[in-house]
Amino acid sequence: MSALLDSLAAGFDGDAARRAALDTTLAAGLPGPRSESWKYTSLRALERRSFAVPSSDPVVDAAVVAAIPAPRIVFVNGRPSATLSDVGATAPGLSIGTLADVDALPAIEDRADAVFAHLNVVLAETGVSIAVDAGARIAPAVHLVFIGAPAEGDLAWHLRHHVVLGERAALTLVEHHLDVGAHRHLDNTIVSLRIAGHAELHHVRLQHRGAGATSVLRTDSELQTASVYTRVDVEAGGALSRHELDVRLLGDDARLTANGVLLASGRAHVDTRLGIRHVAKDTACELKWRGIGDARGRVVFHGGITIDAGADGTDARLSNKNLLLSSTAEIDTQPVLVIHADEVQAAHGATVGQLDPDALFYLRARGLPHADAQRLLTAAFVREPLSTIADTALRAQAEAALDGTLAGIVDA
């Protein structure tokens with residue numbers, strides 16, 4: 001068994017049933033290069049490392065979260081922070097609790113190589129529970145903030161979050177993943193989303209981890225009749241950041257819009273896998289993803305769409321465009337479309353290229369320095385996925401985070 005799994009198992013504190021599940025996971029081991037879903041993301045360096053369980057609460061300056069409004073739930077190194085959190089006056093119809101408040105967590109769709117999800121199921125001890133009553137339309141947005149901070153040694157934590165929207169409910173959920181100092185911790189998290197009929201969930205995730213951080217996230221979503229789920233992901237940091245977005249459209253007329261921007265500079269490895277499954281009739285998904293690789297960074301993107309038999313009337317569209325800013329960067333993109341129904345509309349495509357030299361020349365001929373011209377073109381390239389954020393203040397925040405990262409890439 002690897003040092004990684006040994007160290008994670010050492011932190012186990014559960015009953016016999018969970019111990020048996022953990023032993024099964026440990027026996028299976030980590031996926032290797034022969035695993036289709038991991039062949040572009042090597043775990044060889046990670047498996048040699050050991051991690052401890054967080055046991056203390058580091059001091060984090062409140063100014064770090066001052067600009068993030070309430071309701072705000074904050075975790076530092078995987079532990080809830082009462083000092084930095086601010087639930088405020090909870091809106092009618094909104095309940096915010098902990099993992100202990102959930103009677104039965106939904107089962108996670110099983111896959112043989114989903115070792116981190118399996119570990120999370122048996123090791124997660126805490127997380128956020130959010131429930132919106134039927135008919136309640138919640139404003140303002142609920143913010144979940146996850147902070148990595150320096151500590152004695154490398155830490156690993158496992159969080160499990162559960163969000164449920166009742167019939168015709170509406171909620172905006174924002175995730176902030178950030179660091180306040182250099183560390184090499186491991187964050188293994190699952191977010192379960194259950195969206196009832198005619199409900200609307202608007203979801204933004206901003207990830208800007210430090211150069212040493214490792215993050216493995218899985219978002220597991222189910223959409224019922226005529227529900228709407230829109231999300232935008234901005235991935236802009238970490239030594240290794242992997243996100244698996246699984247969405248099942250189970251009700252007729254369910255709608256998904258999932259856009260994202262993936263930025264890998266330095267030696268960052270950013271891996272995103274979409275698993276979109278159309279089960280019911282007349283469902284739709286629109287997926288726009290942009291990737292940028294710079295220095296020795298690597299972007300991995302898998303856009304998987306499956307249209308089940310009987311899912312007639314499905315409209316599925318995927319666009320993945322990528323930009324290489326360095327000859328040593330790498331981008332691997334794999335759009336996959338599997339159709340088992342007849343009466344559907346579906347399209348997918350992916351491109352990898354460089355900045356247009358004619359556009360660069362045009363801007364430089366008008367007096368812009370090369371770095372400014374490059375920054376302007378790259379910013380325009382990644383702007384489109386953010387256009388679906390309806391809240392103008394939130395969209396401005398996402399754009400500012402993106403611009404700050406791009407400035408660091410172009411000026412480096």
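Author: A crossing is called left-handed if the near helix is turned anticlockwise from the far one by less than a right angle, and right-handed if clockwise. Please keep in mind that this is a predicted model, in which local features need pLDDT of at least 70 and side-chain atom pairs count only at pLDDT 80 or more, while totals for chains, interfaces and linings use all residues. Residues are numbered from 1 along each chain as its sequence is written, and side-chain values use heavy atoms, with hydrogens and water left out.

Reader: What is the hand of the crossing of α5 and α6, and at what angle do these helices pack?

Author: Two packed helices are described by the angle between their axes and the distance between the axes. Axes are lines fitted to C-alpha atoms, for helices over the stretch in contact, and angles run from 0 to 180 degrees between N-to-C directions; helices (H or I, at least four residues) and strands (E, at least two) are DSSP runs, numbered from the N terminus. Helix α5 (residues 357-365) packs with helix α6 (residues 370-383) at an angle of about 130°, their axes being 9 Å apart, and the crossing is right-handed. The contact, meaning heavy atoms within 4.5 Å, is made by A359, L360, L363 and R364 of α5 together with H370, A373, Q374, L376 and L377 of α6.

Reader: How are the axes of α2 and α4 placed?

Author: Angles under 35 degrees count as roughly parallel, over 145 as roughly antiparallel, 65 to 115 as roughly perpendicular and the rest as oblique. The axes of helix α2 (residues 16-28) and α4 come within 9 Å and cross at roughly 160°, which makes α2 roughly antiparallel to α4. Here the crossing is left-handed, and the contact joins R18, A21, L22 and T25 of α2 to V115, H118, L119, V121, V122 and L123 of α4.

Reader: Which residues of the largest nonpolar core touch the most other members?

Author: In soluble globular proteins, nonpolar side chains tend to be buried together. A nonpolar core is a set of buried Ala, Val, Leu, Ile, Met, Phe, Trp, Tyr and Cys residues joined through side-chain atoms within 4.5 Å. The largest one has 51 residues, of which I130, L171, L256, I276 and L287 touch the most other members, and a second, separate core of 24 residues includes V261, L263, L394 and L406.

Reader: Where is D253 found, and what is its phi?

Author: Most residues other than glycine have a negative phi, and most peptide bonds are trans. D253, in the loop between β12 (240-249) and β13 (255-264), has a positive phi of about 65° although it is not a glycine, and at 35% relative accessibility D253 counts as partly exposed. D282, in the loop between β14 (269-278) and β15 (284-293), likewise has a positive phi, near 55°.

Reader: Which peptide bond is cis at P71, and which at P140?

Author: The bond from A70 to P71 is cis, with omega near 0°, and so is the bond from A139 to P140. P71 lies in the loop between α3 and β1 (72-76), whereas P140 is in the loop between β4 (128-132) and β5 (142-148).

Technical notes: Buried means under 20% relative accessible area, exposed over 50%, partly exposed in between (1.4 Å probe, protein chains only).
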